Amino acid sequence: MILMLLGPPGAGKGTQSQLISDKLGIPQLSTGDMLRAAVKAGTPIGMKAKKIMAEGGLVHDEIVIGIIADRIAEPDCAKGFILDGFPRTLAQADALDTLLKSRGSKIDCVIELKVDDTKLVDRIECRARETQAAGGTVRADDNADALKTRLIAYYRETAPIIGYYFAHGLLKPVDGMAPIEDVSRQIDEILSEFQAA
Ligand code: AMP
């Protein structure tokens, strides 16, 4: 099964993708995590992405498309995967369609986490505080300035792909403002329809 989670920064895509991954035994592919690992390792991709990410902008399409193309070719993706944070532009969505077509597969379902924008700043600040309290490293882009840029990038570049997947009959909206367990339950219900099919 090939799934995608869509939603603005702080909507809970990472948390829900991880839960689905544990349940279905298919990997979570987070381009954000992969890019952060590249930044940490100081690879050429990481060096290109570092400043853009810290400021909340979008990394170039060719870079993220290349990362995803390599990742989905790995054996653990053969039975499916969960896309978390990719695609973020229409060009990425088109490239994904082409990539999937070339391996004879297609997206089964796009889950949209619908959230109240006014709550996103609180959520991101809360995530930063919790990470700090747990002794972890706070993301360079989990601050009010970068969040504003991330939100602008989301509405300019990513929101149009919601319409694209709706038009393809793939979009399943869920209430992302509910507690984590409730959101997870809504997603389970959607996925059970696919498993029953
Ligand atoms: P995330 O962890 O998904 O919030 O991503 C963190 C940051 O990584 C984003 O704000 C972007 O700078 C970059 N990034 C992650 N995925 C993509 C993507 N698909 N396209 C462009 N930039 C991305």
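Isoleucine 107 touches Ile2, Met4, Leu96, Asp97, Leu100, Tyr165 and Leu170, leaving aside residues up to four places away in sequence; contact here means heavy atoms within 4.5 Å. This is a predicted model, in which local features need pLDDT of at least 70, side-chain atom pairs count only at pLDDT 80 or more, and totals for chains, interfaces and linings use all residues. Residues are numbered from 1 along each chain as its sequence is written, and side-chain values use heavy atoms, with hydrogens and water left out.

**Exercise 1.** Find the residues with the most contacts inside the largest nonpolar core, and the elements that build this core.

*Solution.* Start with the term: a nonpolar core is a set of buried Ala, Val, Leu, Ile, Met, Phe, Trp, Tyr and Cys residues joined through side-chain atoms within 4.5 Å, where buried means under 20% relative accessible area, exposed over 50%, and partly exposed in between (1.4 Å probe, protein chains only). The largest core has 32 residues, and Ile107 and Tyr165 have the most contacts inside it. Next, the elements giving two or more residues include S1, S3 and helix H8 (160-167). Among the contributors, H4 gives the most, with 6 residues. Helices (H or I, at least four residues) and strands (E, at least two) are DSSP runs, numbered from the N terminus.

**Exercise 2.** Work out the strand order of the open sheet and which strands stand at its edges.

*Solution.* Two strands pair if DSSP finds at least two bridges between them. The 5 strands follow the order S2-S3-S1-S4-S5, with parallel pairing. Strand S2 (28-30) and strand S5 (171-175) each have a single partner strand, so one side of each is left without a neighbour in the sheet. Further in, 4 bridges join S1 (residues 2-6) to S3 (residues 81-84); leucine 5 has aspartate 84 as its bridge partner in S3.
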